[in-house]
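Here is a short briefing to read alongside the model.

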Amino acid sequence: MPGKLKAKIVAGRHLPVMDRASDLTDAFVEVKFGNTTFKTDVFPKSLNPQWNSEWFKFEVDDEDLQDEPLQITVLDHDTYSANDAIGKVYIDIDPLLSCEAATVISGWFPIYDTIHGIRGEINVLVKVDLFNDLNRFRQSSCGVKFFCTTSIPRCYRVALVHGFVEELVVNEDPEYQWIDRIRTPRASNEARQRLISLMSGELQRKIGLKVLEMGGNAVVGYLQCFDLEGESGLVVRAIGTACTLDKLSPGTAPNTTTHTNTHTLPNTAPASNACNSPSKDSKEPVFSEDPPHPLSGPPTPLRTLPSSSPPPFSPSKPCSRQSSSSDTDLSLTPRIGMGSGGSVGKEAGPLKTLLRQHTQSALEQREFPIFTLTCFPPGFLVHVGGVVSTRSVKLLDRIHNPDEPETRDAWWEEIRQEIKSHAKALGCHAVVGYSESTSICEEVCILSASGTAAMLNPRFMREGCLDTGGSDHRLSRQPHPGMVGSERGEGEVSSTWLGFEDASPPSCGFVHIPYDEFNMPFPAQLTYCYHCRRQKVPDVLFTTIDLPAEAEVTGKGCLIQARLCRTKKKAQGEVNATSISNLLPFMEYELHTQLMNKLKLRSMNALFGLRIQISVGENMLLGLASATGVYLSALPAPGGIQIAGKTPSDLSYDQHISTMQKRIDDTIAKNKELYNIHPPKLFTLDPEAFTGLNTECIEEVVGSPIPDRQRSSRLFRSTSESSDELSELDLSHGKKDAFVLEIDDTDAVEDIQSLLTDAPIPAGFYSCNTEVMPGIYNWTSGLQMFTSVRVYRLSNANLTNQGLNKIFTDLCENLLKSLYFKLRSMIPCCLCHLNFTVAVPEEELIQVAVTAVAMSFDKETQQAADKALTRGSGENEEQLQFSMELCGESTISNNQPTAKPSGVPESAMVHSSRVSSSERCSPLPEGRSRSLRSTRSLPCGAPVTVVKMTPLSFLPGTRIVKYLGIINMFFIRETTSLREEGGVSGFLHSFIAEVFAMVRAHVAALGGNALVSYSMKECVFMENPNKNQAQCLINVSGDAVIFIRESDQEAIPPLLSSRQTSSTGADGTT
Amino acid sequence: MSMELDVFVGNTTIMDMEVYQLWLDGLTVSDAVKVRMDEGALLECEANAEVLTSDTMDQFRTFQMCERLLHSPTKLGSQLLYQIPAQNQRILIERYYEFDSVFAREVLGKKLSKGTKKDLDDISCKTGITLKSCRRQFDNFKRVFKVVEELKGPLVENIQRHFLLSDTLARDYAAIVFFANSRFETGKRKLQYLSFQDFAFCAGQLISYWTVGAVDVWEPNDPDMDVDLEKEFLHELKDLKVLVNDKDMMDQHKILVCAALRGKIKVYKLMEVNFKNLSRALINLASKLTHTKDVRDLFIDLVEKFIEPCRYDRWTVAEITLFLTHYTNAAHCLGTFRYQMIWDRYMGVIKSCILQMYHE
């Protein structure tokens, strides 16, 4: 009996009129927890009742405290007939169970009814007295903190990262139970809301238990999803990263940054060995990882794709690694539910022993070395390999035994195994930036997972001294003792890690290839790193993570989207599943090609935050890939795009081609200007110069062992000699490539057209889907989070793929245009974390939902920052020169005249620059930074607390001082008077506004003034205009926090190395 | 292909005040889009017609959803549904309650009941204001009237407290409420030349000097202190009759006024001739005000009995000012005249009303 829950109902206001005769309401309140219910007195004839009730006390198990929500129902007393319900409030009391989160819930909550929406507000006070329970076998996990944020929360430091936690619970969907036929829509909706609330609570509790077992105290990057499987049930699943977090005391916060990593604890992770990754059948290497030697699988055109594109990189060190061909199999065929899966991939059996040793550190012992984090503490991320992803098509059937949801578990397990083996194929022992998703249409379900293969610093996983991981053998192989800022140095003496390496993580280390140069898992162009020139890097890098703090970026980034629509025949069951899985690889390929072309067109060489969504409908599949393109200074400059005609004889045709070529070249030049991409000459070739060079080598196919199969492919890789400069630097391996588009069919023309028709972003706007935009630092406090939803009806049933593509592309482009227009008052501004979700709710309907935050920045100071950036990179050059000297390279041709030597330790600069930048952001004094105490809403007419919401993990110009707990809410809204509510748009508009209002109210009641890492994970909209009905389900989540404006007393050193500030990972402590 | 659904919801509700004005003016979405295009909205942010239509529809929907809250502006501040910065809340409310004086002029003094609503069509045709906008303005009048009608205390303050309006706007509403309550005649052809501002000014004078609240400190039990004229005062006005009934007094009065004005006004001759008529007009007006009917006719009487004769004789405003000033002051010098207080209270208001209503 370890808890006492107390609730007090204070007052109500703005209640609806329930008695037409008197225009008043006789309201009373029922307070329910578990099976216990209390009632207040009736407060007669008032729309603003003052109940001022006693404290209702519930004595309950902490298990129940975690699972159950507190249910508050407001009713209208009716003497003669049944009491009418006005509406309900569900309060999740989980935040009260952790001593570090909120201590009391107090405030005005909107009273919500699933049919009528918000109907007035109620003021409630809730407290919990927890008794300590030392029972080892307890089923509760009170006190484990949950964070939606996918980085280390701001006022904590990470002592240990335990790894992946997942759980899944299943139930019957009340909407599909027999009883639903006889109960009212309201009762049915409420049953559903209650059930999902219960299931979320249970899920969270179970995950908490796993975390406690692992020895952790928190879950970071907690991602919970619902699968509404219809007849076959309701699945609530969650993944996250278990960590041990230490709270930073406010005083120490700023300066502890660099030491956070030195703490290590015994690894308590379960040691299940998963080395033998049974990647039996089809895996689906997404972009970057197509292996050169297809072991099986249809000779798809896809294969060439990787040759031109992708990926990863790694330090060249483990030369001795003997790898056979990679073990990723190429078959891009997705797994099919029935086991009739497409091709059989083969496990690369002889997975290099060395590699195994190398990875057999802490990570290897985990079942799933998978992390949901997208931002990392400094030094955590060693190398990044590239994107790994898997899709699997399943047929849903009824879940027979909800208590043992084995099938669903097994499905995800398979997927994670595949992800893991893909990562291995890339020479990586871990996957970061991992996420899972589903798309369901009738009985077909596509399960998707993706992440970024990476090498991590094992120090964070287990005790440092035991580490025998990569750094060691790296060390032995390449002892360059003097190198600063290279990961090689760290391994030398493990003790040096603690202070030294952390202080200055190499800014280019993460782009170095983790796989073996001579046995690459797929063909890629390697060059020496343009930053340190010691290690090999790939020509292009795709990742799902945020831009690492230390990454050096040239210019600004931008949102890059690939969109695709594919029709498919209507079918049932297995046939349907098969046809879908046959389509998937083509879609992935096309999306990838689009991404690559668009990336080149912007003269960029890396994608971050890549998210590919494939949605299934009855007669079509939608694919949408979004990512933020940047120019990583450490990677080679991208070549241009070359158009080649197939039939050279025709003069007019040639002309056509040269016109197109010109347009493309112009666009590239324009984009370079737009995104300010002017890489220092020392490191890069002028791509234009390049184009001239390589025109003759177009047909030369390099790096692809399978030229013959490329018949249908239009992508080739051409090479040319690198410039003199490069050879002087002994970078002769650096091959330049231009992308060649061969126009031999209408498809290609379409492609090029679509490439060029992406509307340019209006002046003053930037956009990205990562946390922040590289190149912008001086955010003001101007902030606008928004959600926009559009549904298009395709009137013409017989559309071709091209026609559909066009429509879909226009839909997305127009949506973006509308957003820019709507937010024009915030210019200059950047739309951050643009998150698109597509769905096919019905035949011939396409739904696109976008959630993002617009943040304005200060143009004046931006220029100063740009200058500082120059200075910063000069600073960086210093370091670089040092290492170059060691290597006997020339150091002089540095074109940064402002470079100045500095004795300031880098870490200090990192911190200071961040502070100062945020400082400058706060000159707009907002009246709302009132003291925390006063943000509590009082029963009287105190002003409503302003609650900011953002999908980012931070608010510019502020410091998060406390995390109050996770907000995870699920709402259903239904109407039977659609026209009267303003049609579908009016209905959805008010529902979304209501959801925002309820989220804000809960945050305010916890004492918070912002919700960070907000996301709308589900927005399912169904309508039946003929019956004048519509229904919508929305699931939102985020972290409630208290923030304060940066105060003036903090250090205001000059803006150095501003690039550091762009990343959120840099300041786990700020 | 058609857009089935298109919504945009910000955590902070985005409101474009220019579009708000178009909405308030009762434009349809397509008309509003046209206006915006003409105003050059397409030049911003590389917008196209589609973007503009989408934005306009969205804004109109937002305003429509907020309209319910604007009906009781105090709720706007405490509601949780829309997060609107305080500054914007003020603008929203103020603009929502702003009205066209042409429209207000038409409705002034009429009963704010449903019956009148049918006349809105006519007013809309006559004024060129859209019917939708007329409805909103009329409903606003009615709403404010209904709320403050029941309330005690100073009218303007009540309006400000319940509708959070600016001082100027609250005073205008007070005028409208006052006129609607007393049902002053404003519609006669002879009154057509008067604008809403003229009447609003007069209403302000009446409220300030002739109501209960004008003299007394407000007490909780006083009913309708600002809405109704003070009965006692109106009754006492009968006493002023002595100024015309007592011949000596009247002559004396005339002499005093003439002495003061001689050589100072061009219309002196005419004034001298007409003095008794003018004086009688003003005094009779005062003595009749005990009857509701005559109170209603206050303005028409002023025009017919005083303003028109003066205009006929081509008095200038300055001359009228001078005349009324001395006419008022001279009464103080009449040894037998005992009603100085009432005289001043009466003449002060009459004088400023006449001056406001006298258009040369």
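Contact here means heavy atoms within 4.5 Å. By that rule, 16 residues of domain 1 of chain A are in contact with 15 residues of domain 2 of chain A. Please keep in mind that this is a predicted model, in which local features need pLDDT of at least 70 and side-chain atom pairs count only at pLDDT 80 or more, while totals for chains, interfaces and linings use all residues. Residues are numbered from 1 along each chain as its sequence is written, chains are lettered from A and ligands numbered from 1 in the order in which they are written, and side-chain values use heavy atoms, with hydrogens and water left out.

**Domains**

- Domain bounds come from an automatic or database domain assignment, which for chain A gives domain 1 (1-132) and domain 2 (144-249).
- Taken over C-alpha atoms, the centres of domain 1 of chain A and domain 2 of chain A are 24 Å apart.
- Between them, domain 1 and domain 2 of chain A bury about 1500 Å², with 47% of it on carbon and sulfur atoms; buried area is the accessible area (1.4 Å probe) that two parts lose on being put together, summed over both.
- Three salt bridges are found across the interface of domain 1 of chain A and domain 2 of chain A, a salt bridge being a side-chain nitrogen of Lys or Arg within 4 Å of a carboxyl oxygen of Asp or Glu.
- Chain B is divided into domain 1 (17-97), domain 2 (101-207) and domain 3 (233-357).
- In chain B, 51 Å separate the C-alpha centres of domain 1 and domain 3.

**Where the chains meet**

- Chain B brings 39 residues to the contact with chain A, and chain A brings 57 residues.
- The area buried between chain B and chain A is about 4200 Å², and carbon and sulfur atoms give 58% of it.
- Five salt bridges are found across the interface of chain B and chain A.
- A:R824 and B:D16 join their side chains in a salt bridge, at 2.8 Å from N to O.

**Salt bridges within chain A**

- Over all chains, the count comes to 41 salt bridges.
- A:R205 forms a salt bridge with A:D67, with 2.9 Å between the closest N and O atoms.
- That pair links distant parts of the chain, 138 residues apart, with A:R205 in helix α2 and A:D67 in helix α1 of chain A; helices (H or I, at least four residues) and strands (E, at least two) are DSSP runs, numbered from the N terminus.
- A:K88 forms a salt bridge with A:E190, where the closest N and O atoms are 3.9 Å apart.

**The largest cavity**

- On a 1 Å grid over the protein atoms alone, a cavity is a set of points where a 1.4 Å probe fits but cannot get out, and lining residues have an atom within 4 Å of a point.
- The largest cavity holds about 450 Å³ of space, a volume being the space filled by probe spheres set on the points, which are joined across faces, edges and corners.
- Its lining has 32 residues, and A:Y90, A:D92, A:S197, A:N968 and A:M969 lie nearest the centre of the cavity.
- Elements of chain A that each supply at least two residues of this lining include α1 (62-67), α2 (185-214) and β31 (958-975).
- Domain 1 (1-132) and domain 2 (144-249) of chain A each give at least three residues to the lining of the largest cavity.

**Local backbone features**

- Most residues other than glycine have a negative phi, and most peptide bonds are trans.
- A:N52 has a positive phi of about 45° although it is not a glycine, and A:N52 sits in the loop between β3 (36-39) and β4 (56-60) of chain A.
- The peptide bond from A:I827 to A:P828 is cis, with omega near -5°.

Notes:
On a 1 Å grid over the protein atoms alone, a cavity is a set of points where a 1.4 Å probe fits but cannot get out, and a pocket is an open set with protein on both sides within 12 Å along at least five of seven lines; lining residues have an atom within 4 Å of a point.
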